[in-house]
Amino acid sequence: MSGEEATSKDPARRRFTRASLKDFALPVVIAVAAAGIGIASIANGLASRDQAGQDNAAQAAPTLPRCEVPDRKSQVPASGALFGVNLDLHAKPLSQYAADLGHKPAVSVSFAGFPYTAEEKAHLDQAVTQIRADGQTMLLTLEPMQGLGAVTDEAVAALAADLASFNDDGVPVIVRFAHEMNGSWYPWSQQPAAYVDAFTRMAKAVHSTAPGSSMMWAPNYGGGYPFAGGQYEAKRDTADFTALDTDGDGTVTMADDSYAPYYPGDDAVDWVGMSLYHWGAKYPWGENELPEANKFKDQLTGNYVGANGDDSLLPDFYHVYGQDHGKPVAIPESAALFAPGTAGAAELDIKRAWWEQLFSPDLATGFPQLKMINWFEWDKNEVEVKGRVDWTVTNTPAVREAFTAALPDWFRYGPAESCQPG
């Protein structure tokens, strides 16, 4: 789930992000993050490679450097943050996005069910090939749509072996397993004991088998917790409900900790993540509205009080998990809503107001554990607004020019040159 839908107190306002994004068909979606080269070098390199043709590329491949996948801890930048993008590959190939951005992507987000099908595995193999050529790291979101009972030891072992193979092919992987587990809309929702067990078993297998892979824990933003009325809401008089009642008052509300019951522990978790979007000033979404000042920081730290409600009861996600637990913090998805053909603020004004919050030098200095930010680069129909939303920043020339000019020097991008498996 992404953005202000998490702040909604009305179950009818819940945003089932992956349902609207993929209609639960779970196609693989590739997103990219990158690490440091010039615009002309990227564009020229990509154009030369594409023009050479497949035969010439095959002949040139042996001259590429050997891919070297560092261990999971070394993949976290010592300073600054990886910049990434959730990209609609049906609309734009990875190489074109890199040329538009002026930087070659390095972290790619893919989606698959778990256990994944043979077709999904083929998609992941294709993603590895693309990432090796035009990126660096895969951020793999796994969705156990059959429920946590399907996360068997056999399935976990098979995943770990696949990740080791991806690493051997030159692609590090960050596994975002069963994200938004504190919501009420997924088959793995609000089952803290079963979730923690599944996550820790997967982490143990991944850590022992695929040293170039790591685990990301990514709850939903807690505004609106416990998201009452969802299909998978924890039921009263169950062990799950008792575990979620962290203040022991017999109810589960925003006064309870919306994150801690689901935390699998420091040994299992390598990254923590939370997606934050600007959907508008208040529900119902769909109007083109500028984001409030400091909205991104306030939501990340549990201090938001504004048009979307009072979320000041929430824990400070960044300081608890980034500082106290010492984990690198990721924003796996972020963007600002612009609905073409709708009245209100202009596209560039809305998006620039949001990315200025994400790109702020104060964010880099005040939040040193923030190590990844991914932009959601899709132009698609959204159920919540009953129409089209253009989240992109590279499709409109004026927006692209302003966005690329604003990219801060504390972002880390991917290598200029592709590599080949050893």
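Modeller: Pro115 lies in the loop between strand 3 (107-113) and helix 4 (118-134), where helices (H or I, at least four residues) and strands (E, at least two) are DSSP runs numbered from the N terminus. The peptide bond from Phe114 to Pro115 is cis, with omega near -5°. This is a predicted model, in which local features need pLDDT of at least 70 and side-chain atom pairs count only at pLDDT 80 or more, whereas totals for chains, interfaces and linings use all residues. Residues are numbered from 1 along each chain as its sequence is written, and side-chain values use heavy atoms, with hydrogens and water left out.

As background, most peptide bonds are trans, and most residues other than glycine have a negative phi. The loop between strand 5 and helix 6 holds Glu180, whose phi is near 55°, a positive value in a residue other than glycine. Gln190 is found in the loop between strand 5 and helix 6 as well, and phi of Gln190 is also positive, near 50°. Glu180 counts as buried at 4% relative accessibility, and Gln190 counts as buried at 2%, where buried means under 20% relative accessible area, exposed over 50% and partly exposed in between (1.4 Å probe, protein chains only).

The part to examine closely is strand 6. Five of the five residues of strand 6 (residues 213-217) are buried, so this strand is largely enclosed by the rest of the structure. Ser213, Met215 and Trp217 point one way from the strand, while Ser214 and Met216 point the other way, and all of them are buried.

Strand 6 has partners that can be named. With strand 5 (residues 173-177) it pairs in the parallel sense over four bridges, pairing being assigned if DSSP finds at least two bridges between two strands; the bridge partner of Val175 in strand 6 is Met215. Strand 5, helix 6 (residues 192-209) and strand 6 make a right-handed β-α-β unit, which is to say that, with the strands pointing away from the viewer, the path from the first strand over the helix to the second runs clockwise. Strand 6 also pairs with strand 7 (residues 271-273) in the parallel sense, over two bridges, and in strand 7 the bridge partner of Met216 is Trp271. From strand 6 the chain crosses through helix 7 (residues 239-244) to strand 7, and this β-α-β crossover is right-handed too.

On the way from strand 6 to helix 7 the loop carries Ala234, which is buried, with a relative accessible area of 11%. Ala234 touches Gln190, Asp240, Phe241 and Leu244, not counting residues up to four places away in sequence, a contact being heavy atoms within 4.5 Å. Ala234 and Gln191 are 43 residues apart in sequence, yet their C-alpha atoms are 7.2 Å apart in space.

Gln75 is in the loop between helix 2 (39-60) and strand 2 (81-87) and is buried, with a relative accessible area of 13%. Gln75 touches Val69, Pro70, Leu82, Pro172 and Gly212, again leaving out residues up to four places away in sequence.

A disulfide, meaning a pair of cysteine sulfur atoms within 2.5 Å, joins Cys67 to Cys419 (S to S 1.9 Å). Cys67 lies in the loop between helix 2 and strand 2 and Cys419 in the segment after strand 14 (411-412), so the pair ties together parts that are 352 residues apart in sequence. The link is right-handed, with 95° about the S-S bond, and Cys67 is buried at a relative accessible area of 7%.

For the chain as a whole, there are twelve helices and 14 strands, and buried residues make up 57% of the 422 residues.
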